[in-house]
Amino acid sequence: MAVVIFKAIEKCNSNCIYCDVIKKRQDEIMNYDLLKLIFIRMNEYLSANLNENITFTWHGGEVCLLGSNYFKVARQLQDEYCSETKSRIKHLVQSNLTLITQKMINLFKEFGIAQIGSSFDPVPNIRGFGKNRNSQLYNQKFIEGVKLLNKNQMSWGVIYVVHRLSLTSPLEIFYYLTNLNTRSHPNFNQVKIYGEDTHNLSITGEEFADFLGAIFPVWYENIDRYPNVQPFSDLLRSIKDRDFSLVCESSGSCSNRWIYIGPEGETSHCGRSGDYDVLLYGNLKDFTFHEIMNNPQRNQLAERQTVLPELECAQCRFWGICHGGCPLDAFMTDNDFLKKSPKCDSTKIFLERYFEPITGLYADFPPPKSISVV
Amino acid sequence: MDDSALTELSWDNLIYIADFLEISKEHKISLLGGEPTLHSHFVDFTTYLLERNFHVNVFTSGIMSKEKLKDLTLYLSKIPPERLSFTCNMNHPKLSTEKEIDQIHEFLKAFASFTTLGYNIYQTDLDLEFLVQYINKYKLRRHIRFGLAHPIQGGKNTYIPASELGIMAKKLVAYCGLFEQNNVAPGFDCGMPMCIFSEEELGKLSKANKGVLKFGCGPAIDTGPDMMVWSCFPLSGLHKKSLYEFNSMQEIHDYFKNIHNKVKAEIGGIFEKCVTCVYLTNEACMGGCIAHSINQLKDEQMNRIKAIYS
Amino acid sequence: MKDHIIVCPFDEQLLAKLSERNVVIKSHDLNILQSIQKHLNKSLRLHAIKIQTDVPLSAISFQEDWLKLPLAIYSPEFGNYRDLLHQLNLIRRLNIRIFLSSEYDDNYTGLKILSSLNINCGLYFNNGSINWEAMNDLMHYAVYSKTKHAHIEPFDWLVSNYEPTDYMDYHSVYFNNPAKYLHVNEKEQIALNEQEMLNNRIIGDGIPSLDRIHVNEHYNDFINARYDIMLQMNECAYCPAFRICLAKFEHLTNKNDTCKVFFSDFINAADYSFKQRNSKRTKIWQL
């Protein structure tokens with residue numbers, strides 16, 4: 001399955017303190033001709049690959065700044081250019097919910113969208129409007145968005161970015177987020193700051209592991225109450241059931257699945273690589289989906305799965321649930337895709353210090369003796 | 001006794017105990033004291049337990065004020081006697097005041113069909129005719145519960161030493177004729193050793209009790225107002241535990257039985273010959289009261305198994 | 001939409017207009033039960049009758065005539081057990097829940113007595129004080145006791161209906177959850193619950209407006225009130241038991257010694273009960 005991270009717009013109405021998108025292009029919105037081309041490309045790809053599906057994630061910036069008319073046009077374009085293949089296109093939306101309207105929700109529903117991914121932080125002045133990050137107003141607008149989603153029986157979930165100011169109150173944050181939404185639970189991610197950390201937000205892998213570790217025992221004791229908190233649920237399923245259908249950076253199989261498309265049709269490997277202009281695969285105007293999906297630069301990502309087990313990750317018992325982590329993290333740190341992610345420390349610490357003692361389970365998934373490239 | 005033991009059983013604790021017994025499939029409960037009728041909620045507790053379908057037996061001296069008796073009569077006299085019973089522990093009238101005797105008489109009049117007399121034997125001299133007289137006069141239940149006073153661990157009380165139990169036995173059996181004439185069965189509470197009676201005496205006692213005679217000693221399980229449990233009154237200072245530490249009566253019984261077994265394995269019974277006695281082996285007799293046995297070791301160095309000591 | 005149950009006084013004209021709806025009749029006077037009896041044969045869809053008395057429970061004279069009535073009797077005090085004794089058999093035959101106030105310590109024991117004697121009962125909170133420890137003990141009794149006993153509310157309602165990923169409003173037990181119950185007075189004024197009615201906070205007028213309640217702004221604001229708590233970022237928003245309390249005790253200053261402890265234990269009890277319920281379900285093969 002191909003996953004498209006689609007950023008028709010990089011402009012955002014919020015000024016989240018850890019976001020890098022705000023620093024980049026602010027005025028570009030993908031024009032309708034390019035938008036049309038996307039659907040044509042998707043149709044080409046799906047028509048040639050009858051067993052394939054596409055997950056099309058509307059991302060940003062803030063997608064609601066596109067306006068409801070943009071989505072209306074997108075819908076029309078899909079109907080026209082993907083009439084035979086649209087059933088194999090699954091749309092997802094990532095939004096901060098502060099600008100969502102009933103009109104927009106109606107259009108999302110037409111795309112078959114039943115849930116919205118979002119992000120939230122109860123710590124003040126981390127996510128907010130304007131120079132001073134007015135989080136009070138932001139939170140009000142967010143809640144209005146949530147009420148509207150509830151009224152339309154649409155579900156929503158949040159990614160929580162763990163930063164230095166979160167470290168003092170992990171459980172409080174956990175309880176707050178799970179009180180805010182009792183059905184879709186938070187996905188905890190470590191803040192990623194590249195370049196100068198002017199706000200002193202970055203945390204070490206160990207600090208992230210300890211943050212998770214403060215929450216984990218409560219989660220584990222009350223799984224019925226908090227189903228699907230990440231990364232806990234995926235780790236538990238992987239280690240307990242040996243079900244390694246992990247996502248993204250842990251899967252070890254992102255090399256040939258992801259495409260980022262930017263406002264000018266530029267493509268890259270994924271959302272982050274697009275943000276940082278790394279692994280550029282050319283412009284959609286010049287290349288088909290198939291060509292982009294098979295760009296030779298992807299080979300070095302695949303090569304990680306043979307190189308790392310021979311070198312840095314040899315005999316690592318966590319290999320099966322980590323696979324060397326995100327190649328971009330490795331590149332950002334060591335300028336080399338064939339290194340393991342520095343984030344692997346936080347995974348190891350969390351598993352050894354908290355997960356294994358509490359669950360009694362033991363992660364034992366070293367790399368097999370020889371691995372062939374997929 | 002410490003202060004907590006002097007407080008009354010609370011409603012919450014009563015409910016807990018009733019629940020505990022119900023879970024344990026026990027449908028009988030005895031209310032003891034001190035004097036249980038002095039409890040400020042005695043009538044409420046008793047009627048509550050009856051509502052919960054327990055058979056309630058109350059151990060009482062029968063000595064109570066008119067107001068108290070009136071209260072009891074109002075709420076308890078119409079209960080079917082198969083659901084409620086009183087064991088009225090008697091002293092010889094010469095040991096009671098006139099007022100006490102009057103009060104006992106009033107009690108026996110009011111609750112005749114519910115009442116069995118009890119008598120505690122603490123000396124070899126026995127004068128038991130008054131018991132039969134009471135039974136006949138008030139038409140009480142035709143059974144006397146004879147208990148032996150046993151040494152209370154950690155306390156000082158009057159009891160018959162083991163060496164004189166045989167004398168007491170003869171004097172007790174001398175009343176069998178009187179009991180027989182009046183159709184009164186003399187039953188034994190726990191702790192009576194079998195061998196203090198001759199074969200002939202055992203025969204007489206057995207006839208008087210329709211063939212049922214017990215020479216037992218085992219955990220009776222008492223619960224205090226503070227929810228502590230102990231094996232029985234003589235051992236109330238030994239190996240106490242909180243009721244909350246157990247999940248059923250069986251568990252409590254097993255716990256104390258285990259201690260009893262350890263003590264009996266160490267000591268046998270109150271007589272030296274108990275160790276080799278076949279009736280102890282086959283449990284026709286339990287070798288007398290375990291408190292008696294432990295008491296005999298009180299002047300020893302504490303070198304025996306821990307279970308003997310509190 | 002006639003999915004709400006209407007809580008109203010005993011007013012024949014009003015009841016006639018509510019004939020197509022389920023109603024809870026509320027009163028402070030036990031004598032009203034006779035009049036309600038006469039109404040039973042007419043088109044009255046009676047969900048319950050709520051009587052708030054000011055006499056102790058043991059002083060109430062229960063009647064055989066009440067056998068057909070679904071009763072919720074609210075009494076400030078348990079009273080004397082022995083005064084209740086002769087009525088126990090009748091009470092057990094009635095279709096009744098007896099509620100005692102949280103204000104008096106004896107009531108917590110009183111509820112255990114009633115429950116252990118197979119009488120459905122509950123605790124109600126009338127802005128009086130709460131003995132949190134006694135209430136926690138009562139809740140433990142209601143949920144964990146292995147002996148068979150009658151329900152004690154709101155504990156049994158909550159654990160029976162508990163879904164770990166839902167918000168639960170136990171005010172349903174007291175007919176005060178506007179998602180399920182609305183209050184209407186003789187003037188056909190609508191309020192969200194009893195307290196709102198007492199404080200004259202009217203959100204609508206006229207029986208027909210009940211059908212449009214889902215678009216009523218005040219109604220929707222109330223239903224979404226939990227989000228206001230989240231926005232305030234106060235203690236309640238961070239409480240692990242928020243989903244079953246919904247900040248009903250927001251006004252308390254020492255939550256760490258009171259509501260937080262209790263509701264944390266309560267939600268654990270609800271989780272325990274949920275696991276028990278699910279583990280008991282036998283999975284039968286499907287036809």
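In chain A, strand 4 (residues 115–119) and strand 5 (residues 155–162) run parallel and pair over five bridges; pairing here calls for at least two DSSP bridges between two strands. Helices (H or I, at least four residues) and strands (E, at least two) are DSSP runs, numbered from the N terminus. This is a predicted model, with local features needing pLDDT of at least 70 and side-chain atom pairs pLDDT 80 or more, while totals for chains, interfaces and linings use all residues. Residues count from 1 along each chain as its sequence is written, and chains are lettered from A and ligands numbered from 1 in the order written.

Gly117(A) sits opposite Gly157(A) of strand 5. The chain gets from strand 4 to strand 5 by way of helix 4 of chain A, a right-handed β-α-β crossover (with the strands pointing away from the viewer, the path from the first strand over the helix to the second runs clockwise). On strand 4 there is also a parallel pairing with strand 3 (residues 89–94) of chain A, through two bridges, and Gln94(A) has Gly117(A) as its bridge partner. Strand 3, helix 3 (residues 102–110) and strand 4 of chain A form a right-handed β-α-β unit too.

As for the chains, two pairs touch, and A with C has the most contacts (C-beta atoms, placed from the backbone, within 7 Å). That contact draws on 17 residues of chain A and 18 of chain C. On the chain A side, helix 4 (135–151) and helix 5 (170–180) each give two or more residues. Chains A and B make no contact, their closest C-alpha atoms being 25 Å apart.
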